[in-house]
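Trainee: I am new to this one and would like to learn how to read it. Could we go through it together?

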Amino acid sequence: MELDFLIVDNDLTPSAQGVFDRETQNFPWPCRLVHEPRPGVPSARERALQELGDVDYFAFVDDDETVDANWLVELVKIARTTCATFVQGPVQMTVDREEDEWWLRTLFFRQHRYPDGARLVESWTNNVLVELAFVRLHDCHFDLRMRFNSGEDTLFFQDIVRAGGWGAYAANAWVYETQGEARLRWKWALHRQFNYGRTRALTYLLRKPFLASIAYCAMRAGALTGVCLCHVATIPFRGRIGVANSLALGTRACALLYTAASALFSDRLRAVQPTVAIADASSDVR
């Protein structure tokens with residue numbers, strides 16, 4: 001395959017030029033830097049889409065991840081064998097200190113695993129390959145209305161599925177991400193779960209009928225609360241892992257209800273037409 005890299009510097013001024021020049025010396029593949037001054041990750045990711053030329057696939061990976069040597073080969077292999085519109089790979093979480101390893105066994109960081117080639121209906125930009133022709137044919141974009149909420153990648157792949165696309169899982173396309181000490185804190189972990197819940201609510205509010213979206217948020221929050229109470233019952237046996245799991249689900253439920261209630265008392269979301277707006281992040285691979 002032919003491979004090239006696209007780095008989007010998402011800052012008011014092109015502050016990454018020095019780092020880019022240093023890190024790409026003797027780089028074995030073509031590598032290009034573009035500056036996107038509009039704030040927010042959706043703006044940077046959408047700029048990445050606009051900068052793509054005549055390619056078959058584009059891949060996104062987070063700038064705090066390290067990829068396996070066979071990462072891209074595995075993604076492309078699954079894309080070719082399944083004809084999927086997008087291919088998602090797993091993320092292996094690690095920690096610097098052994099005493100923090102318990103965090104990775106909680107719902108704050110635990111991820112689903114699937115068989116190689118399994119069909120998917122959702123994806124994220126932390127480790128994914130996407131067929132460009134489908135995205136262009138169906139005019140899929142990152143929604144700028146999610147600019148300061150996160151979750152625009154969730155909405156992007158939901159739009160792909162709504163347009164008739166589908167995904168597959170590449171079980172051997174590993175990327176690795178070390179969770180630093182700053183993330184292994186209750187405040188950060190709970191904030192992340194709140195964003196998960198808010199994202200789930202917004203993806204419905206921006207695409208589905210308003211009252212149906214409110215009903216969905218209420219029902220999903222109720223279901224999460226029920227599962228949360230089940231995890232509360234495990235606290236005597238699982239200790240802090242039971243506490244973490246119950247708080248993770250409870251926080252998601254609260255976020256769903258909070259976002260739905262905010263929408264009920266605000267005309268802003270109700271006035272939004274269910275269309276995809278033009279909407280990247282500092283380090284994205286094409």
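Trainee: At what angle do helix H6 and helix H9 pack, and how far apart are their axes?

Mentor: Two packed helices are described by the angle between their axes and the distance between the axes. This is a predicted model, where local features need pLDDT of at least 70, side-chain atom pairs count only at pLDDT 80 or more, and totals for chains, interfaces and linings use all residues. Residues are numbered from 1 along each chain as its sequence is written, and side-chain values use heavy atoms, leaving out hydrogens and water. Here H6 (residues 186-205) and H9 (residues 240-264) pack at about 40 degrees, with axes 7 Å apart. Helices (H or I, at least four residues) and strands (E, at least two) are DSSP runs, numbered from the N terminus; axes are lines fitted to C-alpha atoms, for helices over the stretch in contact, and angles run from 0 to 180 degrees between N-to-C directions.

Trainee: Which word describes how H6 and H9 lie to each other?

Mentor: Angles under 35 degrees count as roughly parallel, over 145 as roughly antiparallel, 65 to 115 as roughly perpendicular and the rest as oblique. H6 and H9 are therefore oblique.

Trainee: Is strand S1 mostly covered or uncovered?

Mentor: Buried means under 20% relative accessible area, exposed over 50%, partly exposed in between (1.4 Å probe, protein chains only). S1 (residues 5-9) is mostly covered, with five of its five residues buried. Phe 5, Ile 7 and Asp 9 point one way, Leu 6 and Val 8 the other.

Trainee: In which sense do S1 and strand S2 pair?

Mentor: Two strands pair if DSSP finds at least two bridges between them. S1 and S2 (residues 31-35) pair in the parallel sense over five bridges, and Asp 9 stands opposite His 35 in S2.
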